[in-house]
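Work through the exercises below with the structure in view. Try each task before you read its solution.

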Amino acid sequence: MTPFTKKVVAIIAAIPEGKVMTYGQIAALAGSPRAARQVVRILHSMTRKERLPWHRVVNAKGEIAIPDEHARMMQETELISEGIEFQLNGTINLQQFGYDPGPVFLDGLSDNPE
């Protein structure tokens, strides 16, 4: 696993219940601000193995970005069950429900192998 992938997995795993992060936010925190699509690929390929809270990741507009209707409904149901509210336009208020792990969390994510 690359250092970037390890950071992405750690960041997603740390998103608390009732909060969301965006793909771009995760990419930036992991050290590659332009790698939002890579975060999508990591999330898709690592969710089962790493037991990631995939449903807590949304796009920059606060929207569910999954095109598959069944998966979209699953994500919405999971988020609502955690207390996240959707606005009338179907978005999540990122000011209210967004998560920022802060610099203390990031200090624990080094590029050094363990």
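Predicted model: local features only at pLDDT ≥ 70, side-chain atom pairs only at ≥ 80, totals over all residues.

**Exercise 1. The overall layout**

Task: State how many helices and strands the protein has, and give their order.

Solution: 
- Step 1. Count the elements. The protein has six helices and two strands.
- Step 2. Read along the sequence. The pattern is α-β-α-α-β-α-α-α.
- Step 3. Look at burial. Of the 114 residues, 38% are buried.
- Step 4. Look at contacts. Take those between residues at least 6 apart in sequence: 62% of them join residues at least 24 apart.

**Exercise 2. The salt bridge**

Solution: 
- Step 1. Find the pair. The structure holds one salt bridge.
- Step 2. Arg-56 is in the loop between helix 3 and strand 2, while Glu-82 is in the loop between helix 4 (69–81) and helix 5 (94–97). They are 26 residues apart, so the pair links distant parts of the chain.
- Step 3. Apply the cut-off. Buried means under 20% relative accessible area.

**Exercise 3. Helix 4**

Task: Check the span of helix 4 against expectation, then work out where its buried residues lie.

Solution: 
- Step 1. Get the expected span. The rule is 1.5 Å times one less than the number of residues. Helix 4 has 13 residues, so the span should be 18 Å.
- Step 2. Compare. The end C-alpha atoms of helix 4 are 18 Å apart, which agrees.
- Step 3. List the buried residues. In helix 4 they are Ala-71, Gln-75 and Leu-79.
- Step 4. Look down the axis. The buried residues of helix 4 fall within an arc of 70°, so they line one face.
- Step 5. Find their partner. These buried residues pack against strand 2.
- Step 6. Turn to the face away from the buried side. There helix 4 carries the exposed residues His-70 and Ser-81.
- Step 7. Go past the end. Gly-83 follows helix 4, with a positive phi near 95°.

**Exercise 4. A positive phi**

Task: Describe the phi of Arg-51 and the setting of this residue.

Solution: 
- Step 1. Recall the general rule. Most residues other than glycine have a negative phi.
- Step 2. Read the angle. Phi of Arg-51 is near 55°, a positive value.
- Step 3. Arg-51 lies in the loop between helix 3 (36–50) and strand 2 (57–58).
- Step 4. Check exposure. Exposed means over 50%. Arg-51 has 75% relative accessibility, so it counts as exposed.

Key: Residues numbered from 1 in each chain as written. Heavy atoms only, no water. Helix = DSSP H or I, 4+ residues; strand = E, 2+ residues; numbered from the N terminus. Buried < 20%, exposed > 50% of the residue type's maximum accessible area, 1.4 Å probe, protein only. Contact = heavy atoms within 4.5 Å. Salt bridge = Lys/Arg side-chain N within 4 Å of Asp/Glu carboxyl O. Arc of directions from axis to C-beta.
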